[in-house]
Amino acid sequence: MTQDINATTDGTATGSARHAAPPTAPAAEPATDNVHKLRRGAKRLEARDLNIFYGSFKAVADLNMTVNPRSVTALIGPSGCGKSTVLRALNRLHETAPGGRVEGSVLLDGCDIYSKQISAVSVRRIVGMVFQRPNPFPTMSIRDNVVAGLKLQGIHKKKGLDELAERSLRGANLWNEVKDRLDTPGGGLSGGQQQRLCIARAIAVSPDVLLMDEPCSALDPISTLAIEDLIAQLKQQYTIVIVTHNMQQAARVSDHTAFFNLEATGKPGRLVEINSTERIFSKPDQKATEDYISGRFG
């Protein structure tokens, strides 16, 4: 399981259908947190009648979508259509934004992550996040960057942490590049290496789902290829959802693609269609999808 250590606020949901923003102070995890029953392995994600809000503004409307385990699902669409908002709602990071709330359900192997009996912290241990720009702790060593989440969970034995750091760095295809400088600052790595370090940090606490918000947008082509190769390997163990504006990248890395759009500025984003990536890029069901894929708009 993984907790996004970049999220500074969490809280329990207040209802099963309408879920309000969390309180400012972190809330303790309820003793009856049913999410722990889900351990272990890649998970199936389902959004059911999901509406996502910022205050009174509805950012995403009527989302029904299934993400299969051990696969990569790409979310594509023009800017402002709610792709990143959907991603953040899948591990309850959305509710850390002012006025952030949802109506509807997000099911993780049939368990509603917005249930009042499940805390946001426990969800983020299972559903990890990799952000658009690499965000390692710049003055913290490479080793300590990887195990930061583990230390937050109370794991402090050096031998165990060192073993987990090596395993995670190998899993992120970074070990051979940094094994001789683990005690140097993570901020000294190249951009592509920093992003792989963040991926190592995310997988160190054994998540079942990885969410990636444009993980290659700030990287050069060679670093982008390294991340894409890594994604292909990681999907053997994890359920992966990636937001990308790069159509070629979506076609290369994903098994399924979901196209989002909005009618006009100020209107909520909506899922237009989701299908196999091959079908979306060769013979989509909706003309709007074809127009976007072919570059007629967006």
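A pocket here is an open set of points on a 1 Å grid over the protein atoms alone, where a 1.4 Å probe fits and protein lies on both sides within 12 Å along at least five of seven lines; lining residues have an atom within 4 Å of a point. This is a predicted model, so local features need pLDDT of at least 70 and side-chain atom pairs count only at pLDDT 80 or more, while totals for chains, interfaces and linings use all residues. Residues are numbered from 1 along each chain as its sequence is written, and side-chain values use heavy atoms, with hydrogens and water left out.

**View 1**
Helices (H or I, at least four residues) and strands (E, at least two) are DSSP runs, numbered from the N terminus. Ala, Val, Leu, Ile, Met, Phe, Trp, Tyr, Cys and Pro go down as nonpolar, Asp, Glu, Lys and Arg as charged, and the others, Gly among them, as polar.

**View 1. The largest pocket, with H4 in its lining.**
This one has a volume of about 250 Å³. It has 16 lining residues, and Arg 167, Ile 203, Ser 206, Gln 237 and Tyr 238 sit closest to the centre. Helix H4 (158-171) and helix H7 (221-234) are the elements that give two or more residues to the lining, with H4 giving the most, at four. The class count here is seven nonpolar, six polar and three charged.

H4 runs for 14 residues and reaches 20 Å from its first C-alpha to its last, close to the 20 Å expected at 1.5 Å a residue (that is, 1.5 Å times one less than the number of residues). Its buried residues (under 20% relative accessible area, with exposed over 50% and partly exposed in between; 1.4 Å probe, protein chains only) are Leu 161, Leu 164, Ala 165, Ser 168 and Leu 169. Seen down the axis of H4, they fall within an arc of 130°, so they line one face of the helix; the arc is that of the directions from the helix axis to the C-beta atoms. An α-helix has 3.6 residues a turn, so residues three or four places apart point the same way. On the other side of H4, Lys 159 and Arg 167 are exposed.

The buried residues of H4 pack against helix H3 (142-152), helix H5 (175-178) and helix H6 (191-203), where contact means heavy atoms within 4.5 Å. Zoom in on Ser 168, which lies in H4 and counts as buried at 4% relative accessibility. Leaving out residues up to four places away in sequence, Ser 168 touches Val 146, Ala 200, Ile 203 and Ala 204.

Terms used. Points joined across faces, edges and corners; volume = space filled by probe spheres on them.
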